[in-house]
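This report is for a reader who is new to the structure shown below. It takes up the domains, then the ligand, then some features of the backbone.

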Amino acid sequence: MARINDNFLKLKAGYLFPEIARRVNAFNEAHPEAAVRLIRCGIGDVTEPLPEACREAMHAAVDELGHADTFKGYGPEQGYAFLREAIVENQYAGLGISADEVFVSDGSKCDTGNILDIFGRDNVIAITDPVYPVYVDTNVMAGNTGEADEKGTYAGLVYLPCTAENDFVPAIPERQVDLVYLCYPNNPTGATATREQLADWVAYARANRAIILYDAAYEAFIQDPAIPRSIFEIEGAHECAMEFRSFSKNGGFTGTRCAYTVIPKTLKGYAADGSERALHPLWSRRHSTKFNGASYPVQKGAAAVFSEEGKKQVAALIDGYMGNAALLREACARVGLPVFGGRNAPYVWVGCPEGLDSWGMFDKMLNEANVVITPGAGFGAAGEGYFRISAFNTREKVEEVCRRILETLG
Ligand code: MLT
């Protein structure tokens, strides 16, 4: 008798974005005339083409694969040296990170989920609420939680509420936790954490021998120079944190897939016998066993993000999306809704109008404005009463979304 992983039976409904897609498809089938007007501001998927510098580098790499003398088969599982070195030079200069502490992968979603392979099953795990659902669902799958209640809150996880009162940056827990997921700039709230707030988290983690899983996938959208871009800007973080970053949202690699995780060699966890063990060799071993590396053309394209031309082209993409965020913020504020985020992140987090919960708001926007947003409750119980608008879209569509917000809610 083949047994399944019963933990999967604890998962609530579908994963948020497939669930939204299911509802949108049902709407499209029922209202084909409205379907052609539909504008998607739900999932944070980029809309602008890959930067030219990246495309050129990818084409050249494909040509290399077409010649016997430059052909490449399996690459290094941890990533090609040219990309790992470019990442350190361009993203971690002066932060005490070396190229062999960077692990190239096919996505931060995969990395933040797969990282659980190297941790024990008896850790106390803290997540923010609202939260990127991948952190929760992968812990459920791994058996690190109990059952969920009717709000989708899982027994066994420590939820750190992020509210307007705490500027969506959670208070340090009063109890011991072993792993804590932090994401700044935040998905879904668009909030950022200050240097002082991150320093408090690093101090907590060190005092409790805890590890911070720091998701910085939206780092490129930070506009304010005072906001830290990496957890490794904080003294002591190399002993208590790892960082996840991605080419998805800056270089537009959501379809081509490329990301990386930084694990300092000084980062340690504890074996069952209490001995201290470095995490770097564990993740390296995991990568070598379960992964064969991101493809060569994609890694070449990713490295081109750091070329002179690539930097200019990526900056233009970010400017475009952040301009969209400013327009969306303004439209929501004009109809009197409380607006957060969207200043250093591509997500605008908005309070629902009186009398509507977040799925109610999702339905209203879908049915009346023909705009897809993401209901805050899909990110956790504390997301109830909010919705998220993604600024990843063309300017023309965002301007149309703003018109429809004024028309529907004004
Ligand atoms: C989101 O919309 O939250 C993101 O696109 C999800 C992701 O990057 O996986």
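In this predicted model, the centres of domain 1 and domain 2, taken over C-alpha atoms, are separated by 26 Å. Domain 1 is made of two stretches of the protein chain, 13–49 and 309–409, while domain 2 covers 54–307.

**The interface between the domains**

The two domains touch through 31 residues of domain 1 and 37 residues of domain 2. Between them an area of about 2,700 Å² is buried, and carbon and sulfur atoms give 61% of that area. What kinds of polar pairing are found across the interface of domain 1 and domain 2? The count of residue pairs in polar contact between domain 1 and domain 2 is 14, with both residues at pLDDT 80 or more.

On the side of domain 1 that touches domain 2, at least two residues each are supplied by helix H10 (308–334), strand S11 (339–341), strand S12 (347–351) and strand S15 (386–390). H10 gives the largest share of that side, with eight residues. By type, the residues on this side of domain 1 are 18 nonpolar, eight polar and five charged.

**The ligand and its surroundings**

Which residues surround the ligand? They are Phe17, Ile43, Gly44, Tyr132, Asn187, Tyr218, Lys249, Tyr347 and Arg388. By their numbers, Phe17, Ile43, Gly44, Tyr347 and Arg388 belong to domain 1, and Tyr132, Asn187, Tyr218 and Lys249 belong to domain 2. Residues of both domains therefore line the ligand, given the domain bounds from an automatic or database assignment.

| Residue | Distance to a ligand oxygen atom |
|---|---|
| Tyr132 | 2.6 Å |
| Asn187 | 2.8 Å |
| Arg388 | 2.7 Å |

**Backbone features**

Asn187, which has a polar side-chain atom 2.8 Å from an oxygen atom of the ligand, is also joined to Pro188 by a cis peptide bond, with omega about 20°. Pro188 sits in the loop between strand S5 (179–183) and helix H7 (195–208).

Another cis peptide bond runs from Asp129 to Pro130, and its omega is near 5°. Pro130 is placed in the loop between strand S3 (125–129) and helix H6 (133–141).

Where is Asp167 found? Asp167 lies in the loop between strand S4 (157–161) and S5. Its phi is near 55°, a positive value in a residue other than glycine.

Terms used:
Residues are numbered from 1 along each chain as its sequence is written. This is a predicted model: local features need pLDDT of at least 70, side-chain atom pairs count only at pLDDT 80 or more; totals for chains, interfaces and linings use all residues. Side-chain values use heavy atoms; hydrogens and water are left out. Contact means heavy atoms within 4.5 Å. Buried area is the accessible area (1.4 Å probe) that two parts lose on being put together, summed over both. A polar contact is a pair of N or O atoms within 3.5 Å; within protein, one must be able to donate a hydrogen and the other to accept it, and residues adjacent in sequence count only if both atoms are side-chain atoms. Helices (H or I, at least four residues) and strands (E, at least two) are DSSP runs, numbered from the N terminus. Ala, Val, Leu, Ile, Met, Phe, Trp, Tyr, Cys and Pro count as nonpolar, Asp, Glu, Lys and Arg as charged, and the others, Gly among them, as polar. A residue is near a molecule or strand if one of its heavy atoms lies within 4 Å of it.
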